[in-house]
Amino acid sequence: MATTVRRAVLTLPAAPTGPENPLPALRAPDGVHVLDERSRQGLPRDMARQIGYAPLRSLLPVRIRDGYRRERTEREFDAVVIENAHLRVTVLPGLGGRVHSLLHLPTGRELLYRNPVFQPADFALNGAWFSGGIEWNIGATGHTTLSCAPLHAALVPAPDGGVMLRMWEWERLRDLPFQVDLWLPEDSEFLYVGVRVRNPHERPAPVYWWSNIAVPEDPGSRVLAPADEAWHFGYERSLRRIPVPGWEGADRTYPLRSQYPADFFYELADGARPWIASLDAGGQGLAQTSTGLLRGRKLFVWGAGAGGRRWQEWLTEPGTGGYAEIQAGLARTQLEHVRLEGGAEFSWLEAYGPLSADPAAVHGPDWPAARAAAEGALDAVLPRERVDAAYEAWRGRADTEPGERLAEGSGWGALEVLCGGHELPGTPFAESALGEEQAPWLELWRTGVFPAPKRVAPPGPSLVAAHWRDMLETAAADPLTEYHLGVAQWHAGDVAQAVRSWERGLALAPSRWPLLRCLAVADALAGDPARAADGFAAAFEDLAAESRGGEPWTAAEAALGREAMTALLAAGRLAEARRVWDRLRPALREHGRFRLLAARLLAAEGHVGAARRVFEDGFEIPDLREGEETLSEVWSALTDRPLPARYDFRMRP
């Protein structure tokens, strides 16, 4: 059977992703993946250096995606299906290029964990993320900001003369273009994936890449990799070197033998073939291997504890089997970023396919023998030399211009290519992709003036790279320009100048709340909670007076209302927090975040019973953050009773 590539439609019960949060993401990402300082002592020198290299100051210029809900209806997703006699691969270009399914046709076995629903949750760096399949994580430590975003996609000639699927985008946290090429040779049982990350700038850039593969979490499944040691990272934020497979009385290569969610980053020997596999009790499963540049391998487990099981339910439907993740990355751990010089690129090839090995060996007590059985089975069906040869053949096609277009991504890459004059053969960012969000920035580049909006609305996205900051600094100093300039200065670490820009803009601003809110965040991070509370309260009051109908305004009220109530409660200003609550649209008060704030406000006002009844009546927080412990903290302040199972998302002892 010749390989075919075709368009398709995938129908799933799906929750809406909702609007973006219009408030600029000025705060640094949460500390879930931040290493405790004590754990840095004694680390290998290169690991310690890369852990400390270029951490994110903020998520700018990306916006937070927290407008999703949990009510699901049937929805159609555009898909691309790649198929030969051995595999059927279903890809979702509109959702970060996720490989949704990898079906082994001779046996009818799904090699991946295939989520039967689309349910966003707060795991991506910028919020919305969903579980299942194979995802391509680029940017910075965590799940990519492109998790629920569309990529450009097109057909390109494959190295074997057939056709491959190319997907590409401009990653905005690091200002880097990348591409992912998928092809399935006619007689191959393995999907090949060629990846390239380019740095078109003169300056070096930090790069992060991990390919995350969700695999079924069967009780008898074991994860194997060529390592005798691993780096364990849990949600207590410590990194320690441990033996593989056994540690603290349990074989940690079986995902359900851990109690709490945790990462196990395998320490592969220099020169060893990089691979990882998940095999069930019968020795059947999925293997992933790559060329040598993609050196890291990892197992992520949810564990058998109550919190991990609750998260598994949260991400899909009740009664659905759970999953673990096997992963491959550029560094040994996901806490690291790798330096890419100006004008240079990283590229490698990955392969995904079925693996069958002797179950007695792979599940035996002799770890070296188990590893050898899995690696021997992999060598028999896909020798390392074949992967290296496929990589060389793919590199000859990496610059080939795409043919038939299958999907469109954002216009941000087109803006950067146009303004920067970048040459990126193989990944065209056409001017036709420019849209409404890019229009004012295009005018700034062309005329030196940031245009006034055509209608009253929350400000559009800010751009923060050095060249955009330079343009804003020389543009006319009207309030909107000062707002965007302050955001760019904040991103650059010039806090004092950012505050001055926002204060200058405030003097003449017809819409004051965006500037007041930025100044309130600056006060909060400067350690002045009273002044911050003043600023958030004033910002919300101004927004509530100006707000109109429509999704952007509702999103702004929800985001700023949450910030204002949180700041006022922290400052003990209960009457003002109650005033914010009273000004909220009634529909917003029913959202989970506001139900929790209502419980906190009631408790602070002395109405502990009423606050507890909010929990007893039941509510859900769709954007509950990975590692967030707010629910358990508030509950423990209200009662000594055990935390109800529906609210137990605790990820650490």
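Is Cys419 buried or exposed, and what is its relative accessible area?

1. Cys419 is buried, at a relative accessible area of 18%; buried means under 20%, exposed over 50% and partly exposed in between, with a 1.4 Å probe and protein chains only. Cys518 is also buried, at 0%. Zero disulfides turn up in a search of the whole structure, a disulfide being a pair of cysteine sulfur atoms within 2.5 Å.

2. The model is predicted, with local features needing pLDDT of at least 70 and side-chain atom pairs counting only at pLDDT 80 or more, while totals for chains, interfaces and linings use all residues. Residues are numbered from 1 along each chain as its sequence is written, and side-chain values use heavy atoms, without hydrogens and water.

3. Helix 16 (residues 592-604) packs on helix 18 (residues 630-638) at an angle of about 30 degrees, the axes being 11 Å apart. Helix 16 is thus roughly parallel to helix 18 (angles under 35 degrees; over 145 is roughly antiparallel, 65 to 115 roughly perpendicular, the rest oblique). Leu596, Arg600 and Ala603 of helix 16 meet Thr630, Leu631, Val634 and Leu638 of helix 18, where contact means heavy atoms within 4.5 Å. These contact residues comprise five nonpolar, one polar and one charged.

4. Helix 17 (residues 608-617) and helix 18 have axes that come within 10 Å and cross at roughly 140 degrees; the two helices are therefore oblique to each other. On the helix 17 side, Val608, Ala611, Arg612 and Phe615 meet Leu631, Val634, Trp635 and Leu638 in helix 18. That contact has seven nonpolar residues, no polar and one charged.

Methods:
Axes fitted to C-alpha atoms, helices over the stretch in contact; angles between N-to-C directions. Helix = DSSP H or I, 4+ residues; strand = E, 2+ residues; numbered from the N terminus. Nonpolar A, V, L, I, M, F, W, Y, C, P; charged D, E, K, R; others polar.
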